[in-house]
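Subject: Handover of a structure and notes on its contents

Dear colleague,

Please find the structure below, together with its sequence. My notes follow it, arranged by topic.

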Amino acid sequence: MRPVSLREREGESSDGTTEAPLSKRFKVDDTTKELNVQGPASDSPATLPVAPTPTAAVTANEKETILPPSHSLLGTAPPLQDENGAIIRLMESDVGISEYIAKDVPKIGGIIKQRFTDFLVYEVDQDYNVVHIMSLGMPELPAKKAKDVVKTPSETNADVPSGDLREIQEGAEAFGTDTSAGALDTTPGDSAEQASSSVPKLPWPDLFTTRLTPFLSAEKIEEVKKMFLEGPNPPFVSDAGWAGRLAAKPSESGVSDSSVVEEGVESTTGDERKKGSSKRGRDRGGRGGRGGRGGRPVREDHRRVISEPIASKQTRTSFHQTLRELFDGKLDSETDMTDATNVSDGSRIVIRWARRGHGGGGGRGGGSRTERAPRGTYPPYIHFTLQKTNRDTHDALQYLSRALHVSVKDLSTAGTKDKRGVTVQRVAVRRGAKTIEDVWKLANGVPTRHGADDAIRERGERGVRIADLTYRKAALELGMLKGNAFVITLRNVQVNSIETLDQAMKSIKEHGFINYYGMQRFGTAAIPTHSIGLALLKSDWHLAVSLILRPRPGEHPGVLAARRAWLDDGDLDKALELLPRRVVAERCILESYKKQRGETRNALGALSTIPRNLRLMYVHAYQSYVWNAIVSERIKTWGADKPVPGDLVLESGRAEQAEVEVGMDVGDEANTQPGVDVEEPPTGHKTNKRPWQAPRVKTLTEEDVDKYSIFDVVMPLPGNDVAFPGGVLGEKYREYLVMDGLDPDNFQRPQKDYTLSGSYRNILHLPKELSWSVLRYTDPDVPLAQSDEDQLLGYDSPTPAPDGRFLALQIRLILGTAAYATMALREVTKTDTSSHFQSGLTQASEDQRFKGVDGDDLPMTVTDT
């Protein structure tokens, strides 16, 4: 059966004749024209060249647009489309981005992301550490049966030359990251048998005592020291035949005798051991049943230290954090919920060795047959640092899944990162039977394509580099981060004075920027992701598939050939052969069709094979589009100075906890830990999950608007569990949704993945940290910033030219989760941040004529704040 081609589905027969055309097609000349783009703060339009297109362009008025019908409410002209309906140029105004805060500051010209290293992104983890690559070398496995051995930094940092560490420390210090020898996590293997990389050379340095003194008495510190130096395994203590002796309670000092069984736990008598021998291996260690040959049972560890009562929640939070930093998660800390006496005096904190995963899986997993530590000693996950260059997160994970021989579902991250740039983040993989050495070798093609030495002398293949592997007890989940740190370089800056530049930067530092969803949210291709998302929300599965498979102007020839092979010729095998693996959604759909022997009627089933996070990003893109549009209405009508009646605020405070990270399902569950201080989760414990609950919001009135600031105001992303703002904005929300064919009061869908709960997002965002400097350069190909990988590989450090012909602005800032750095930059440049607009600026930029040219004698101006 030959599949129906795209043209036939849209009314054109396979022989080229038109049957009941949906709309007229309007032919225009294919010659190069000029497009005038009017900037919001510019007196004269900017002129950009329009590249000739291979197909005729038509106006949206003469062809049904693929944009949501509500686009007409934005007050902007429809974009040009080609004959296939693909949009030639998607602008910010097409996705609801139109307003600025500092309208009185003149426009500052500049080019964003001219080079990949002009946009560096570093994840900020849950401990507020900026993630950097520390070592490129192969991690070392612990010596077999070498338990309770504490490695010193001289052993664990063997892969990191001192010069490399110094450079990384200098880069991290720019964001206030703790880069002391006790804080850098450079140990590749982080199983419970290995010491933390934060442990200095001495087993118990004076620093530990100094840091613990504000929280513990000298006696308690000695108890912690004793427990720590004993190692993660409790010492063997002979019972001298007293196997059935009674359990004893912990001593008043807070440390229980490791030879005594905890109260309430039955001891095992000799008769019971004989009886247990018939349990077919259930008590042989591991996960029970037929899980493997785990050997003797794991000894319980009842050692613990209990602090004196601590009344201040802030002090308890600091105590949890200090323990985390000093022992790098090797020691757990949690509130003692068993002591209900003298509650008014405060809560006690229990400290003990972190529990470890036992009993590795059976022998059917993958991985090489290299020598590894004894069975049952490694946790089930491996975390590593990923640096990717000009690859989106889904693409990079697909590449790693093939290299590591795992399913892409076995890989997880805390959030997605930009494609165009160099980004660094942590990734978790369910390891199966693989060790950290196995994962490192597979990811670096050792020994199949490279030697181990070559892998640390060359850049990672296809823009992907992994490093700093550690064992962990759990995977990563979306939202498990505090934000992102950025080093952004604007090229060819055009400004009337340095004072104007400082004024623009100080405006962001003091007043923030509109917290729009950036253009990355809507895709860089000619088929906007929010259009696909609307089709999914309307259960129009065939339209969603058609949009995903439709050709895009200017895309890679191989991808276009693959699309044509299927859409025009119906040749699935040829299409899959030509289609690059990085084109994830299209490949999933075509592979699904192949499994169905070319049958295309089950569009929903084909869509379901696309990775869930990618499918949800389509839906969330539509939510983001509506949110952008309503926020623009809010700022345009009432400004960005203060709240007004009808605005929404969270009753619990800021919206960071209510906001979801890019790509996260708004109905995902939130992590909580019952019985623990809410201001700081315990270290090293797996949190229990409770269903996500929408935060309570308040609609402001005339009487209480003065009690809140503009940074408290939130707007909802449409869903079942959110409230719309009062007055005109609430009606505007409904108008957008109804025009797009959706019910504003019902986002329940038979397919759970497309049921939207909704969430809230602050309309303004204030950077956590912000600094900037002005540099000069002449050659646009000379990097002005450097990635972690290039630093460790020994590439020359960037050296701005004091006498350079052109001006560059380098910005360092830290933003919270789900905030877009490009939206902060547009507040400075007052320029459209869409990729094609910025590409046009690059091509027309004067500095492109000076590639390979040294700078002239011009003075250098540097401003640091």
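Is Trp-353 buried or exposed? Trp-353 is buried, at a relative accessible area of 10%; here buried means under 20% relative accessible area, exposed means over 50%, and partly exposed lies in between, with a 1.4 Å probe and protein chains only.

Please note that the model is predicted: local features need pLDDT of at least 70 and side-chain atom pairs count only at pLDDT 80 or more, whereas totals for chains, interfaces and linings use all residues. Residues are numbered from 1 along each chain as its sequence is written, and side-chain values use heavy atoms, with hydrogens and water left out.

Aromatic pairs

A pair of aromatic rings is described by the distance of the centres and the angle of the planes. The structure holds 18 aromatic pairs. For this count, rings of Phe, Tyr and Trp (its six-membered ring) pair if their centres lie within 6.5 Å; planes under 30 degrees apart count as stacked, over 60 as edge-to-face and the rest as tilted.

One of these pairs is formed by Phe-228 and Phe-327, and it is tilted, with 5.0 Å centre to centre and 55° between the planes. Phe-228 belongs to helix H5 (residues 218-230) and Phe-327 to helix H7, so the pair ties together parts that are 99 residues apart in sequence. Helices (H or I, at least four residues) and strands (E, at least two) are DSSP runs, numbered from the N terminus. Phe-228 is buried, with a relative accessible area of 5%, and Phe-327 is buried at 0%.

Phe-228 also forms an aromatic pair with Trp-353, which is stacked: 5.7 Å centre to centre, with 5° between the planes. This pair links distant parts of the chain, with Phe-228 in helix H5 and Trp-353 in strand E9 (residues 349-353), 125 residues apart. Phe-228, Phe-327 and Trp-353 form one aromatic cluster together with Trp-204 and Phe-208.

Helix H7 also contains Ser-318, and the helix runs over residues 313-327. Ser-318 is partly exposed, at a relative accessible area of 33%. The C-alpha atoms of Ser-318 and Phe-215 are separated by 8.9 Å, although the two residues are 103 residues apart along the chain.

Charged side chains

Side chains of opposite charge can pair when their charged atoms come close. A search of the whole structure finds 31 salt bridges, a salt bridge being a side-chain nitrogen of Lys or Arg within 4 Å of a carboxyl oxygen of Asp or Glu.

In one of them, the side chains of Asp-127 and Arg-324 meet at 3.0 Å, N to O. Asp-127 lies in the loop between strand E6 (119-124) and helix H2 (153-156), and Arg-324 in helix H7, so the pair ties together parts that are 197 residues apart in sequence. Asp-127 is partly exposed at 24% relative accessibility, whereas Arg-324 is buried at 17%.

Arg-391 and Asp-395 form another salt bridge, at 3.0 Å, N to O. Arg-391 is buried, with a relative accessible area of 8%, and Asp-395 is buried at 7%. Asp-573 forms a salt bridge with Lys-594, the closest N and O atoms being 3.2 Å apart. Here Asp-573 lies in helix H15 (residues 572-578) and Lys-594 in helix H16 (residues 584-595), so the pair ties together parts that are 21 residues apart in sequence. Asp-573 is partly exposed at 48% relative accessibility, and Lys-594 is partly exposed at 46%. A network of salt bridges links Lys-226, Glu-230 and Arg-303.

Helix H19

The twelve residues of helix H19 (residues 728-739) should span 16 Å at 1.5 Å a residue, and the end C-alpha atoms are 16 Å apart, which agrees; the expected span is 1.5 Å times one less than the number of residues. The buried residues of H19 are Leu-729, Gly-730, Lys-732, Tyr-733, Tyr-736 and Leu-737. They cover an arc of only 160° around the axis, which puts them on the same side of H19; the arc is that of the directions from the helix axis to the C-beta atoms. The face of H19 turned away from the buried side carries the exposed residues Val-728, Glu-731 and Val-738. The buried residues of H19 pack against helix H18 (612-638) and strand E20 (713-717), where contact means heavy atoms within 4.5 Å. Just after H19, Gly-741 takes a positive phi of about 85°.

With kind regards
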